[in-house]
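Please examine the sequence and the structure shown below. The paragraphs that follow lead from the sheet to the chain as a whole.

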Amino acid sequence: MRKQLLSLTVNGDPVELAVPPNYTLQEALRNDLGLKGVKEGCSEGVCGACTVLMNGAPVRACLTLALEAEGADIVTIEGLSKEGWLHPIQEAFVNLGAVQCGFCTPGMIMASKALLDRIPNPTDDDIEAALTGNFCRCTGYAKMRVAVRTAARELQEKAQD
Ligand code: FES
Ligand code: FES
């Protein structure tokens, strides 16, 4: 199939790729850019493991055509830590036992990031709604909700410094 040129920004860097029209954003990020934090779970839009931010909104990379990301600003889990320091959401997930096998974790954290960017002080209902499309087979969801609340507090404190 004839490839087309795709220009986008990924984790702050400009990227150009040649991709077939039926290529997914998940394939482009994992296979071409080596961003394996974009997990490949169901590949049918059900589990949320492949969640990335596209222009600030959470999208399922397995359901998004790579060419739909033309000109977009994409952020994956690899783009959250800065200079070796974990993002407060990542830190909270690790420190509060919200990670077991870790397969769902990148998608959970990206969905949480989108939530906290939109609503810095979310209610429990907001958190539940934001994570409802992301599945975890290990931890249950209570520790994740605590981690998101903790990260929200941390981010608000940092914003006031
Ligand atoms: S891998 Fe995309 S939603 Fe499951
Ligand atoms: S930590 Fe294993 S699937 Fe969520």
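**The sheet and its surroundings**

In this predicted model, 5 strands form an open sheet with mixed pairing, in the order S2-S1-S5-S3-S4. Strands here are DSSP runs of type E with at least two residues, helices are runs of type H or I with at least four residues, and both are numbered from the N terminus; two strands pair if DSSP finds at least two bridges between them. Strand S2 (13-19) and strand S4 (57-60) each have a single partner strand and stand at the edges, so one side of each is left without a neighbour in the sheet.

Strand S1 (residues 4-10) runs antiparallel to S2 and is joined to it by 7 bridges. Within this pair, Leu-5 has Ala-18 of S2 as its bridge partner.

The protein chain as a whole contains 5 helices and 5 strands. Along the sequence they follow the pattern β-β-α-β-β-β-α-α-α-α. The radius of gyration, taken over C-alpha atoms, is 16 Å.

Residues are numbered from 1 along each chain as its sequence is written, and chains are lettered from A and ligands numbered from 1 in the order in which they are written. Local features need pLDDT of at least 70 and side-chain atom pairs count only at pLDDT 80 or more, whereas totals for chains, interfaces and linings use all residues.

Notes. Rg over C-alpha atoms; globule rule 2.2 N^0.38 Å.
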